Amino acid sequence: MSELADNQVVLQTERTFSRLITFDDFKDLAEILQDPEVMYAYEHAFSDQEVREWLERQIKRYQDDGFGLWAVISKKTGDFMGQVGLTVQQTPLGKEVEIGWLLKRKFWHQGIATEAALGCKRYAFDVLKKKKVVSIIRDTNSASRKVAERLGMKPEFSFVKHYYGMDMPHIVYSILNR
């Protein structure tokens with residue numbers, strides 16, 4: 001995937017398309033990552049430097065893994081709605097391919113996260129031929145837990161992540177490619 005042009009569509013759903021995130025998306029990413037309500041599961045909103053590091057990490061993932069978090073764009077308006085995608089994450093059972101999502105607050109409760117994440121699940125299974133995908137979700141994040149359940153995922157196990165000086169219980173939801 002590293003050969004994709006920055007504006008090339010990676011996947012489409014009924015209302016959205018997803019493309020590679022670029023440095024031009026800094027302002028939109030900052031709107032998400034610096035919103036305390038959006039970032040409540042992380043226990044802090046990001047600084048400009050942390051937003052830059054997040055963006056750089058996605059671009060590196062495209063090069064290293066061939067996938068990462070992608071910009072979710074509204075087909076109707078062209079608005080940057082958030083990010084969704086696939087990342088390699090470490091769990092106590094080893095490395096897993098995770099479906100992740102994070103939307104601007106104004107796009108919450110519209111089914112966008114579920115729709116875009118379903119597109120990622122299809123991409124992981126049909127294009128990347130993954131046998132299993134997971135979503136690692138903070139135990140207090142009931143909205144994301146519901147999205148995982150709508151994807152057909154089931155809780156597999158729990159573990160504690162140490163992040164930003166805190167212990168944070170997480171649940172690993174998973175689904176197998178059948």
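Which strand holds serine 18? I looked it up in this predicted model. Serine 18 sits in strand E2, which covers residues 16-20.

**Entry 1: serine 18**

Is serine 18 buried or exposed? I found a relative accessibility of 0%. Buried means under 20%, so serine 18 counts as buried. Next I listed its contacts, leaving aside neighbours within four places in sequence. Gln8, Val9, Val10 and Leu11 are among them. Trp70, Ala71, Val72 and Val84 are also in contact with serine 18.

**Entry 2: aromatic pairs**

How many aromatic pairs does the structure hold? I noted three. One of them joins phenylalanine 46 and tryptophan 54. Their centres are 5.6 Å apart, and the planes make an angle of 70°. That pair is edge-to-face. I then checked each partner's accessibility. Phenylalanine 46 has 7% and counts as buried. Tryptophan 54 has 8% and counts as buried too.

I also looked at the rings of phenylalanine 157 and phenylalanine 159. Their centres lie 6.2 Å apart. The planes stand at 40°, so I wrote this pair down as tilted. Phenylalanine 157 is buried at 18% relative accessibility. Phenylalanine 159 is buried as well, with a relative accessible area of 13%.

**Entry 3: strands E7 and E8**

Which residue stands opposite phenylalanine 157 in E8? I found valine 172 there. Strand E7 runs over residues 154-163, and strand E8 over residues 166-176. The two pair in the antiparallel sense, and I noted nine bridges. Their hairpin has two residues between the strands. In this hairpin, tyrosine 164 takes a positive phi near 55°.

**Entry 4: the largest pocket**

What volume does the largest pocket have? I noted about 1,200 Å³. The pocket is lined by 44 residues. Closest to its centre are Tyr42, Trp101, Leu102, Asn141 and Ser144.

Which elements give two or more residues to the lining? I listed the helices: H2 (48-65), H3 (112-127) and H4 (142-150). Then I listed the strands: E4 (80-91), E5 (94-103), E6 (132-138), E7 and E8.

Last, I sorted the lining by residue type. It divides into 21 nonpolar, 14 polar and nine charged residues.

Notes
Residues are numbered from 1 along each chain as its sequence is written. This is a predicted model: local features need pLDDT of at least 70, side-chain atom pairs count only at pLDDT 80 or more; totals for chains, interfaces and linings use all residues. Side-chain values use heavy atoms; hydrogens and water are left out. Helices (H or I, at least four residues) and strands (E, at least two) are DSSP runs, numbered from the N terminus. Buried means under 20% relative accessible area, exposed over 50%, partly exposed in between (1.4 Å probe, protein chains only). Contact means heavy atoms within 4.5 Å. Rings of Phe, Tyr and Trp (its six-membered ring) pair if their centres lie within 6.5 Å; planes under 30 degrees apart count as stacked, over 60 as edge-to-face and the rest as tilted. Two strands pair if DSSP finds at least two bridges between them. On a 1 Å grid over the protein atoms alone, a cavity is a set of points where a 1.4 Å probe fits but cannot get out, and a pocket is an open set with protein on both sides within 12 Å along at least five of seven lines; lining residues have an atom within 4 Å of a point. Grid points are joined across faces, edges and corners, and a volume is the space filled by probe spheres set on the points. Ala, Val, Leu, Ile, Met, Phe, Trp, Tyr, Cys and Pro count as nonpolar, Asp, Glu, Lys and Arg as charged, and the others, Gly among them, as polar.
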